[in-house]
Amino acid sequence: MKKGDIITIFIIIVLGLSFLIFINRTQNQTGNSYISIQVDGKEIKKIEFDENTIGTEYEINNEFGYNKLEIGENRVRVIEADCKDKIDVKQGWISKPGETLVCLPHKLVIEIKSEDSDGDIDHINY
């Protein structure tokens, strides 16, 4: 390997790492995010992220079953469920707009949405 090859490899690595850091920062900016709770395809609750919601728990109890959510700082998770497989509990925290928690037996979808979004355009692939 020559000196020029080493410099070229170093430049490619630095550019790649800086691109990954840029993408990660733009995805982590939540802006005006909120939690959308949907049961059987209908939104039943919209919870804004703010100082008052940090550490609170929200129970969802309907004819399909029982789930309990915990809301953190710009993130949410399911901490209890009476479904058999408990996949929604095992999934853990979600924090970015577009991420979802799903409990199929209870027909429950918990999604983080952003009021700042431009619609359904994926800016990374667009």
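At 36% relative accessibility, E80 counts as partly exposed, a class that lies between buried (under 20% relative accessible area) and exposed (over 50%), with a 1.4 Å probe and protein chains only. The model is predicted: local features need pLDDT of at least 70, side-chain atom pairs count only at pLDDT 80 or more, and totals for chains, interfaces and linings use all residues. Residues are numbered from 1 along each chain as its sequence is written, and side-chain values use heavy atoms, without hydrogens and water.

E80 forms a salt bridge with K68, their closest N and O atoms being 3.8 Å apart; the term denotes a side-chain nitrogen of Lys or Arg within 4 Å of a carboxyl oxygen of Asp or Glu. This pair links distant parts of the chain, for E80 lies in strand β5 and K68 in strand β4, 12 residues apart. K68 counts as buried, at 13% relative accessibility. The side chain of K68 also meets that of E59 in a salt bridge (3.9 Å, N to O), and E59 is partly exposed at 48%.

Another salt bridge joins E70 and R77, with 2.6 Å between the closest N and O atoms. Through shared partners, salt bridges join E57, E59, K68 and E80 into one network. The structure holds 4 salt bridges.

Attention now turns to the nonpolar residues. The largest nonpolar core has 18 residues, and L69 is among those with the most contacts inside it. Such a core is a set of buried Ala, Val, Leu, Ile, Met, Phe, Trp, Tyr and Cys residues joined through side-chain atoms within 4.5 Å. In soluble globular proteins, nonpolar side chains tend to be buried together.

Technical notes: Helices (H or I, at least four residues) and strands (E, at least two) are DSSP runs, numbered from the N terminus.
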